[in-house]
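I opened the model and kept notes on what I looked up. The entries follow in the order I made them.

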Amino acid sequence: MATNATTASHCPSPMKATSNGVFQGDHPLDYALPLAILQICLVVALTRILAFLLRPLRQPRVIAEIVGGILLGPSVLGRNEKYLNAIFPSRSLTVLDTLANLGLLFFLFLVGLELDPKSLRRTGKKALSIALAGISLPFVLGVGTSFALRATISKGVDKAPFLVFMGVALSITAFPVLARILAELKLLTTDIGRMAMSAAAVNDMAAWILLALAIALSGTGHSPLVSLWVLLCGSGFVLCCILIVPPIFKWMAQRCPEGEPVEELYVCATLVAVLAAGFVTDTIGIHALFGAFVIGVLVPKEGPFAGALVEKVEDLVSGLFLPLYFVSSGLKTNVATIQGAQCWGLLVLVITTACFGKIAGTVSVSLICKEPFSEALTLGFLMNTKGLVELIVLNIGKDRKVLNDQTFAIMVLMAIFTTFITTPLVMAVYKPAKRKSKGDHKYKTIERKDTNTQLRILACFHSTRNIPSMINLIEASRGTEKKEGLCVYAMHLMELSERPSAILMVHKARRNGLPFWNKGKQSDVDLVVVAFETFRQLSRVSVRSMTAISAMSSLHEDICASAERKRAAMIILPFHMHQRVDGAFETTRTEYGWVNKQVLEQAPCSVGILVDRGLGGTTHVSASNVSYIITVLFFGGHDDCEALAYGARMAEHPGISLTVIRFLLGSEISGEIVRVDTTTSFNASGGSTDERFLMEFKNKFSNDSSISYEERVVRNSTETIEVIREFRRWNLFVVGRMSESQVTTKLNAKSICPELGPVGSLLTSPELSTPASVLVVQQYTTITNQSPPPSVTSTKVAENPDGNL
C-alpha cells in the first residue's frame, strides 16, 4: 500500500527531513517532518470534529475517519490544486503512506489481540451457522456483481483476483466496529450481542484467509506457480508461528502476575516480533499486515499481558498514526469519477447486493435456528457492519491494480453507507429497553409486610477496591435460614471509553460472568469472579456476576434497567470518594458521583450508597468471624424507616448487634426558630407512620438481646452531633438519606454531598471523625406530583415504568 495516490509525470526529488527554519529562507512545507506533522494535526483535528458532530447519531468513529479522509482528498478539498500541492504534494505521499501503514500494522496487531482462537473453537453451532451464511451468500453475490462491473467500468482487469476481491469486500463484517456499536447500544453483554460477536469473529478470520488468497492470486507474476508458492509459504509461516510463538508468549505472560506492571522488555520484544513478522509476510508477498495480525491472534488472552500491550500501543497508534491511513485512502478516493446514470446505477447495485446478501443470509439461518424475527433481523443489520478491514481490502485491491478509480470509489461509498445505517436500523427494530422484566416487580423496598420473602440486591462496584467491604455488607445482609434467602447481583461498572479497540471491555465482560462464546464455561481467571465465587461457596447466598459497559453519561440507565429486570429491592452503590491513609476523603472520579445522583432520581427500587471506611477490613470476613456493631440513626420519614428495616435484617445475623437511636425534638431549640408548613401531609400523618413502624419494630424484636433501642432528646444541631459522636467507634452507620424531621433541618447547611443527605454528609465530614463505614439509604416511593416534606431538599420520586407494584 505504499503506492502513491498521485502519479507525477516525472520522478519527484526526495524531500529532506528537517528545515533550517523560515528565518533562513526555508519553507517548512518543503520538508518531510514539518509537513508530516501538519498532515497528522490536520487529519486528527478534522476526524475528531466529525466524530463529535456524528455522536448524537451514535455513529462509530470509523465513519468520521473515513469521511474525513475523503474530505481531505480530491473529492472535496483536493479539488483546489493549490491546497493539494501544498498539504499533500506527490513527493510527500511515500512518507505519508509509510507512516500510515506502520500505524495500520500495529492496529492489526491489536485486532488480532481481540480474537481468541480458543473461543472460536467453542463457538456454538448456531453462531457458526449464522457466520457461514453471512459469508457465503454475500461472497456469491459479490462474485456475481463483479461480472456486471467487469462488463462496464472495470474492463481489462484480471478476472480471478477481481472476483475474489469483490466477494471478500461484500462478505466482511468489521469485528472491532461491531463491538463498538453493540456497546453503544448496550447490547454487548446480551444474548444477541454475544451471538453477533461470535459470528463476527468467525467471519473476520474467514475474511482474512480469503484476502490472503486474493492477494496471492493478484501477483504480477505470469506463472501460476508464483501464486502457489505465495500460498504455500504463507501457510508455512502461519504454521511455524503456531508452533514457535505461543510458548514464548506464554512464558512472558507467566512472568507478568496480576496487579504488577508488565516489564518493558517483554513489551518491546513483542513489538519487535510484530515488525519482524510483518517483514516476513511482506517478503513472501501476502502483505505485512498479515504477519502482525497472526502475532496478535497468538498472544495469550489470559492474565494482564494482553491488556498491557493494548494500553502501551493503542493510544499512539489509533490516535495519531491510524488516521493517516484514512487520509491515504481518501487521497485515492475521488467521488467525482462516479459520473453518469450507469455508474450511479452500479453504486445502487453494489449497495443493494451487499445489504441483501448479509441481511438475507443471516436472517434466513437465524429463523431456521428458531430465533425471533426481530432478533434475526437485528443480527442481519449488525452483521452488515463494515469498517477499517473493508478499507484495507479495497486499498490492497487498488494498489494491486485490481480495482480502478471508479470501482474503488463505489466500494468506499458502499462501506460508509452500510456502516452508517446499522445503528439507526438496529435502534428501530430492536428495543430491549421496552422488554418487561420477568414477573411482577413486587418488592421494591427492604421494608415489607412479609419479611420472609427473598431479598434481591443489586450491588455495584467500580474496581477491586470496592469488593471486600461490599462482600462483607452482603454477608451482614443474609438474614436467617428460615427466610427464602438473599440473591445478590454483583454488577461491575465499566466505562465505555473512546478507544476503538474492544479487547479490554470484551474480555473483561467475558471474565465477569457473561462469556460471549460459551455461556456455561468460564474461560479466564479474574479477581472479581474469584472473590464473589468464593463468597458464594462459603455462604448460602446466591451471587450472580454481571457487567455494565457504557459511557458515563448513560451508565445509570444500565443500573436502573438491570434492577428492574432482576426485580431488585435495593441498589447498593459505592461512594465516589475513597478514604486515604490519613482518614480524609479524596475523589475517585467525579463522574461516579453524577452517576449516583442519577440512580437516586431514576431507580425503580430503594438505593443505598456505601461510604467505605474498611468495613470488616480488606478481606472477606467469614460468617463465624463476623462481629459488627451497627447503629441506625432514626430521625423520621420513609428513608429512615427503610434504613431501620435494613438494620433489622442485618441484626438477624448471629455476629451482629444493632443499636437504634431515635432523635426527638426538645421543647426548646436554643433560640433557633424552625417554621414548618402545617398543611403538608407530613404533619398530618408522617408522625403516626413513624410511630406505627417503630411500634411494630419494638414488638417484633423486644426479646432480642442483640438489639437495643434508645430515644434521645436534642434541641439543636450541636446536641445532635454530640449524640452521634458517642457511637462513632461502631462499625457501620445506617441512615436515611432525607430524614423528615426538624432535627436535621440545620444539618442541611453542612451538606457537601447532596446524594448523601444531611446526616450522611455529617458522618463523612472532618467535623465528625469516625472509623465507621456509612450506608445511606433512600426508600423507593411511588409518590408523584406531591410537594416534598418541609425539611427535605429533594425527595426521591419514581414512576413505575411497567405499572407493577
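**Entry: H10 and H11**

I looked up how helix H10 (residues 224–254) and helix H11 (residues 264–284) lie against each other in this predicted model. They pack at an angle of about 175°, and their axes are 11 Å apart. An angle over 145 degrees counts as roughly antiparallel, so H10 and H11 are roughly antiparallel to each other.

Next I listed the residues that meet. From H10 they are Val 230, Cys 233, Gly 234, Phe 237, Phe 249, Trp 251 and Met 252. From H11 they are Tyr 266, Ala 269, Thr 270, Ala 277, Val 280, Thr 281 and Ile 284. I sorted the residues of the contact of H10 with H11 by class and got eleven nonpolar, three polar and no charged.

**Entry: H9 and H16**

Are H9 and H16 parallel or antiparallel to each other? I found that H9 and helix H16 (residues 388–399) pack at an angle of about 5°, with 11 Å between their axes. Angles under 35 degrees count as roughly parallel, and H9 and H16 are therefore roughly parallel to each other.

On the H9 side, I noted Asp 204, Trp 208, Leu 211 and Ile 215 in the contact. On the H16 side, I noted Val 389, Val 393 and Ile 396. The contact of H9 with H16 has six nonpolar residues, no polar ones and one charged.

**Entry: aromatic rings**

I counted the aromatic pairs in the structure and found eight. In the pair of Trp 208 and Phe 293, the ring centres are 4.9 Å apart and the planes stand at 25°, so the pair is stacked. This pair links distant parts of the chain, with Trp 208 in helix H9 (residues 191–217) and Phe 293 in helix H12 (residues 288–298), 85 residues apart. I checked burial as well: Trp 208 and Phe 293 are both buried.

I then took Phe 635 and Phe 663. Their ring centres lie 4.4 Å apart and their planes are at 5°, so this pair is stacked. Phe 635 is in the loop between S8 and helix H24 (638–651), while Phe 663 is in strand S9 (residues 656–665). They are 28 residues apart, and the pair links distant parts of the chain. Both Phe 635 and Phe 663 are buried.

I also looked for a cluster around Trp 208. Trp 208, Phe 290 and Phe 293 form one aromatic cluster.

**Entry: strand S11**

I checked which strands pair with S11. Strand S8 (residues 628–634) pairs with S11 in the parallel sense over four bridges, and Leu 633 stands opposite Val 735 in S11. Strand S12 (residues 773–778) also pairs with S11 in the parallel sense, over five bridges. There I found Val 734 opposite Leu 775 in S12.

I looked up Ser 146 and found it in helix H6 (residues 125–150). Is Ser 146 buried or exposed? Its relative accessibility is 0%, so Ser 146 counts as buried. Leaving out residues up to four places away in sequence, Ser 146 touches Phe 162, Leu 163 and Met 166.

Pro 604 sits in the loop between helix H23 (590–602) and strand S7 (606–611). I read a relative accessible area of 5% for Pro 604, which is buried. From Pro 604 to Ala 569 I counted 35 residues in sequence, and their C-alpha atoms are 8.6 Å apart.

Glu 375 is in helix H15 (residues 373–383). Its C-alpha atom is separated by 8.7 Å from that of Val 363, twelve residues away along the chain. Not counting residues up to four places away in sequence, Glu 375 touches Ile 192 and Tyr 430.

**Entry: the whole protein**

Last, I noted the totals. The protein has 27 helices and twelve strands. Of its 805 residues, 55% are buried. I also looked at contacts between residues at least 6 apart in sequence, and 80% of these join residues at least 24 apart.

Note on methods: Residues numbered from 1 in each chain as written. Predicted model: local features only at pLDDT ≥ 70, side-chain atom pairs only at ≥ 80, totals over all residues. Heavy atoms only, no water. Helix = DSSP H or I, 4+ residues; strand = E, 2+ residues; numbered from the N terminus. Contact = heavy atoms within 4.5 Å. Pairing = 2+ DSSP bridges. Phe/Tyr/Trp six-rings, centres within 6.5 Å; stacked < 30°, edge-to-face > 60°. Buried < 20%, exposed > 50% of the residue type's maximum accessible area, 1.4 Å probe, protein only. Axes fitted to C-alpha atoms, helices over the stretch in contact; angles between N-to-C directions. Parallel < 35°, antiparallel > 145°, perpendicular 65-115°, else oblique. Nonpolar A, V, L, I, M, F, W, Y, C, P; charged D, E, K, R; others polar.
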